[in-house]
Amino acid sequence: QDKNLPEEDNDAIDWDTEDELELQEIPEPVFPSCTDLRITGQHDVCCDAEASSSSVPFRSKFIQQFVVMGFTEESIAKAIEQNGENSDLVLDSLLTFKALDDSPEEQPSTSPQLEPSISSNDSVSEYNENVLDDVYEEDSWSSDSDSCINSAKQCYLNDEGSSLSEKEKMLLFLANMGYPEEEASVAMEKCGPKASLPELVDFICAAQMARAEDPYLQEDVKPTLEHILNDCGGYKKRKVYTKLCKRKKQREISGEETIRLPNPMIGFGVPTQSIPTMVQRILPKQLIGPPFFYYENVALAPKGVWDTIKRHLYDVEPEFVDSKYFSATARKRGYLHNLPIENRFPLFPLPPRTIHEALPLSKSWWPSWDGRKKLNCLQTAIGSARLTDRIRKAVEKYDGAPPMEIQKYVLDQCKKWNLVWVGRNKVAPLEPDEVEMLLGFPKNHTRGGGISRTDRYKSLGNSFQVDTVAYHLSVLKDLFPNGINVLSLFSGIGGGEVALYRLGVPLNNVVSVEKSEVNRDIVRSWWEQTNQRGNLIHFDDVQLLSRDSLKKLVQSVGGFDLVIGGSPCNNLAGSNRVSRDGLEGKESSLFFDYVRILEDVRTLMSSRH
């Protein structure tokens, strides 16, 4: 089902992504919790979500549903005057009023990384590079709670609030107060059915602050942290926050060594950035020369993951590179390989490196207060039509530049969803062919699979950035003038193959291992459209690629010159709120199959000499 249809509000990340949010997440405008409400005039709301006796005695049911969410009757009356008694429109207006009226003093105390700047020089690279970790376990996500939320929403839309159960009412209150539905669901699971609204809010706030304070929580700390958060009745968010800070300080004192990400993230060099000193890398003698290997995964993985990857791949130093130095979009990745690093060269013509170079038609509509030069990491999902319409309505109310609060909200959403200006006061998500261009693929590359737009976005979001990878692989052109044999693991849509082809390296034999039939169809279509003369052999599961199978392949094609691939990062990516379990996760543990297959290939190749 296409999750990007206009009538759906697809504001949620596709958590099946094999990518990570390069930027930290941008908070939606948040309603105050009952514990944070202020008394304004006669409008006093109690923490049990019941109107106090000082409130106006004869409120209509329609007004009451917004009062218990924390809005003042004055703002509700204004919203009704503008929109009539339409629940959705009134709620949208109240959200806008809230964003405009909130002063800095009324905002919750958060760490700076949750409040990005909106200066004209603000770009994707200036965001805090930490991604949010998750303090919830996979079994916390209850389909029963999800069904309650959906049921509550339906009743709300039909104005049937009286038919809701207490659990549904509570979930609806939390959702309409601005808290993510998933977090509201988990809070009710953890705190129990008798938890009050303030206790649930405290739990959610504590979890949010926990993630913001320590994005690289170790697995051995999670049970302890979860135990603290579960004690909703005795601890408030400030106490939980203090406990978390103490634990973080204790880990810092322990001095655990780990691989540090470089800043700037230019690896062993990029064509657009000079390096102060010549980078030298000394490889063990047995790793010099073919078979070459090239492994890729997200740079912002949980703490310790890249140490493990390095240890299993012969202790070779990883190369961390942000693709913003090659293109108009950020993409922070780690690459671990035994390729030479001298005499590299980029693909020509050089790709556009700014948004306006890549999308020139957007320049005439681009407002002066949107200072973006680069796009965020391209994801597997896009912003919904409802979101873009909400932005249009918020901006078009003003003849000139909107107020700073509106600018901040719009820019936050544009950065989060890579929205670009396509008309007066109008933003839109990137088209699939634009994403292909930004990632270095030929136009309509993903149309070859005959798939939906949603599947095209998902396949592209999980792919290599071709220009970056091609720069690393460029050293192979002189080494293999007569062609190369490639074992491509986790091939995806063939980013490695496309990079070699664009470099002018003949593809003699490619054994492509890819589980997705959609992606296999895309690679097959590209192979045929580019009139490749070599052989393309498909396998669908790395786990079934045994040593005997590899031995037959080595004998058949004459051995492999390059083993390339990037195992799934589902359990590594910061956007995964459910099961960020590192290399022990169900999907990301396939890394060890890459290691197994590489070692088998090296052993089989050495026995041939």
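Student: Where does Arg331 lie?

Tutor: Arg331 sits in the loop that runs between strand 2 and strand 3. Strands here are DSSP runs of E with at least two residues, helices are runs of H or I with at least four, and both are numbered from the N terminus. Before we go on, note that this is a predicted model, in which local features need pLDDT of at least 70, side-chain atom pairs count only at pLDDT 80 or more, and totals for chains, interfaces and linings use all residues. Residues are numbered from 1 along each chain as its sequence is written, and side-chain values use heavy atoms, with hydrogens and water left out.

Student: Why is Arg331 called buried?

Tutor: Buried means under 20% relative accessible area, exposed means over 50%, and partly exposed is in between, with a 1.4 Å probe and protein chains only. Arg331 has 1% relative accessibility, so Arg331 counts as buried.

Student: What makes strand 3 mostly covered?

Tutor: Six of the six residues of strand 3 are buried. Lys332, Gly334 and Leu336 point one way, while Arg333, Tyr335 and His337 point the other way.

Student: How do you know that strand 2 and strand 3 pair?

Tutor: Two strands pair if DSSP finds at least two bridges between them. Strand 2 and strand 3 (residues 332–337) have four bridges, in the antiparallel sense. Among the bridge partners, Asp322 goes with Lys332, and Phe320 goes with Gly334. Strand 3 also pairs with strand 1 (residues 292–298), in the antiparallel sense over five bridges; there, Glu296 stands opposite Tyr335.

Student: In what order do the strands of the open sheet come?

Tutor: The seven strands follow the order 2-3-1-9-6-7-8, with mixed pairing. Strand 2 (319–322) and strand 8 (535–539) each have a single partner strand, so they stand at the edges, and one side of each is left without a neighbour in the sheet. Neighbouring strands are turned by 20° against each other on average, direction ignored.

Student: How do you know that the length of helix 13 agrees with what it should span?

Tutor: The expected span is 1.5 Å times one less than the number of residues. For the 14 residues of helix 13 (residues 404–417) that gives 20 Å, and the end C-alpha atoms are 20 Å apart, so the two agree.

Student: What makes helix 13 mostly covered?

Tutor: Eleven of its 14 residues are buried, including Ile406, Tyr409, Leu411 and Trp417. Helix 13 is followed by Asn418, whose phi is positive, near 55°.

Student: Why is Cys414 called buried?

Tutor: Cys414, one of the buried residues of helix 13, has 0% relative accessibility, so Cys414 counts as buried.

Student: How many disulfides does the structure hold?

Tutor: The structure holds zero disulfides. Cys377 shows how the cut-off works: a disulfide is a pair of cysteine sulfur atoms within 2.5 Å, and the nearest cysteine sulfur to that of Cys377, from Cys569, is 9.1 Å away. Cys377 is in no disulfide. With 0% relative accessibility, Cys377 also counts as buried.

Student: What percentage of the protein's residues count as buried?

Tutor: Of its 609 residues, 55% count as buried. The protein has 21 helices and nine strands.

Key: Axes fitted to C-alpha atoms, helices over the stretch in contact; angles between N-to-C directions.
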